[in-house]
Amino acid sequence: MKGIVVNIQKGLYKVRPVNGAEDISCTLRGRLFKQSRTTKTLVVVGDYVEFQPVMGGRGVITTIEERRSKLIRKGAGKKGVHLEQVVAANIDQAILVFAVKDPRYNKNLIERYTISAKYGGIESVICFNKIDLIDPPEIQEDVKEYRNIGYTVLLTSVVVREGIEELKSLLKGKNSVFAGSSGVGKSSLVNAVFEEEKARTNTVSTSHYKGRHTTTSSQVYELPFGGRIIDVPGMREFGVIDDGTGIRNAFPDITELAKRCKFRDCRHINEPGCAVKEAVESGLLEERRYRNYLKLRGK
Ligand SMILES: Nc1nc2c(ncn2[C@@H]2O[C@H](COP(=O)(O)OP(=O)(O)OP(=O)(O)O)[C@@H](O)[C@H]2O)c(=O)[nH]1
Ligand SMILES: [Mg+2]
Ligand SMILES: [Zn+2]
């Protein structure tokens, strides 16, 4: 039988059969189980798997299908060793959730997410949540900047229910992952979309949100209007994994400018006739973005 992994907890994989039957708790077959001890994210939420029913109403996963797309990050492992981690598989778009306040977004982080998404074959939507906490003009410039680059930018508030209908129309018929730091409101947005408490959120006042990790395991939710959402736990660290395709595609503005550099192999550092540097000097390209580009390219 075939199914999709909808939740993973304590070595148990909850699989939703594609034929519409009830979710079934599965373990991994011997060979896969062995592999899973060395490959941390051998099976992730969103993976399509083959499984066989066994005694006690459980199942055993026998094969994992190749992933069509994936969100990957580099996280800190034990003793500072960096681990490549697949966050979710088979997704069309990442709804990258950032809070405009508590905790305030960081533009370098937005860029890291968009690169990794692109590298994994996923489109990004930038969602600025908690807009009830600020005056909208405060973030107008950043919103304009990302829209000019070509991203869909959403402004949402769960509290005053703003931007939720727009979010719903973006989610319709697609597989989306809600990614972002802990406390930005991913699970709250899931609940707002469903208009019911599907996911547990941190309802305590936000002054102690930091490191609070309310969602502890990824969960798939089927949308009543087609498509599904994967709500994932907040990520403390989001390091980029890329072979160059992610950065080229996530910085289309710089890729476009680079076509006008004097030298075809221009590194945009100190070469004469560099259109990228000129754009920074004339204020067309934000200096911070340019520096982050160089930094991420160097990885
Ligand atoms: N003011 C305001 N608060 C919000 C909004 N959305 C979420 N919050 C609050 O932000 C806090 C964190 O929300 P969660 O939905 O649990 O955040 P999360 O991103 O799922 O966090 P993790 O599960 O830890 O990754 C809660 O106290 C929410 O009530 C919003 O639009 N405006
Ligand atoms: Mg959550
Ligand atoms: Zn150049």
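## Ground rules

Residues count from 1 along each chain as its sequence is written, while chains are lettered from A and ligands numbered from 1 in the order in which they are written. Since the model is predicted, local features need pLDDT of at least 70 and side-chain atom pairs count only at pLDDT 80 or more, whereas totals for chains, interfaces and linings use all residues; side-chain values use heavy atoms, with hydrogens and water left out.

## The zinc site

Let's start with the zinc ion (ligand 3). Its protein donors are C261 (SG), C266 (SG), H268 (ND1) and C274 (SG), at 2.1 to 2.4 Å. A donor here is an N, O or S atom within 2.8 Å of the metal (3.2 Å for Na, K and Ca), and water is not among the atoms, so sites may look incomplete. Along the sequence, the zinc donors follow the spacing C-x4-C-x1-H-x5-C.

The geometry is tetrahedral because the 4 donor atoms subtend angles of 103 to 116° around the zinc ion. For four donors, that label asks for all angles between 85 and 135 degrees; square planar (four) and octahedral (six) need opposite donors over 155 degrees apart and all others between 65 and 115, and anything else is irregular. H268 is buried, at a relative accessible area of 5%, and C274 is buried too, at 3%. Buried means under 20% relative accessible area, exposed over 50%, and partly exposed in between (1.4 Å probe, protein chains only).

## The magnesium site

The magnesium ion (ligand 2) has S187 (OG) and T215 (OG1) as its protein donors, 1.9 to 2.2 Å away. This pair ties together distant parts of the chain: S187 belongs to helix 5, T215 to the loop between helix 5 and strand 12 (219-222), and 28 residues separate them. Helices (H or I, at least four residues) and strands (E, at least two) are DSSP runs, numbered from the N terminus. Both S187 and T215 are buried.

On its own, ligand 1 has 660 Å² of accessible area, and the protein covers 92% of that. These areas come from the Shrake-Rupley method with a 1.4 Å probe; for residues, only the protein chains shown count as cover.

What surrounds ligand 1? The shell has 24 residues, the closest being V158, S182, S188, N202 and T215. To be counted as near, a residue needs a heavy atom within 4 Å. By class, the shell holds 6 nonpolar, 15 polar and 3 charged residues. Nonpolar covers Ala, Val, Leu, Ile, Met, Phe, Trp, Tyr, Cys and Pro, charged covers Asp, Glu, Lys and Arg, and the others, Gly among them, are polar. Helix 5 (residues 186-194) gives the most to this shell, with 3 residues.

## Inside and outside

S176 sits in strand 11 (residues 175-179) and is buried, at 0% relative accessibility. Its side chain makes a polar contact with the side chain of Q93, at 3.0 Å. A polar contact is a pair of N or O atoms within 3.5 Å; within protein, one must be able to donate a hydrogen and the other to accept it, and residues adjacent in sequence count only if both atoms are side-chain atoms. A117, in helix 2 (residues 107-119), is also buried at 0%.

R236 is exposed, with a relative accessible area of 69%. This arginine is in the loop between strand 13 (228-231) and helix 6 (245-250).

Most residues other than glycine have a negative phi, and most peptide bonds are trans. D102 and P103 are joined by a cis peptide bond, with omega about 0°. D102 also has a positive phi, near 50°. D102 lies in the loop between strand 8 and helix 2 and is partly exposed, at 25% relative accessibility. P103 is placed in the loop between strand 8 (93-99) and helix 2.

R161 has a positive phi near 50° too. Where is R161 found? It is in the loop between strand 10 (152-155) and helix 4 (164-171), and at 36% relative accessibility R161 counts as partly exposed.
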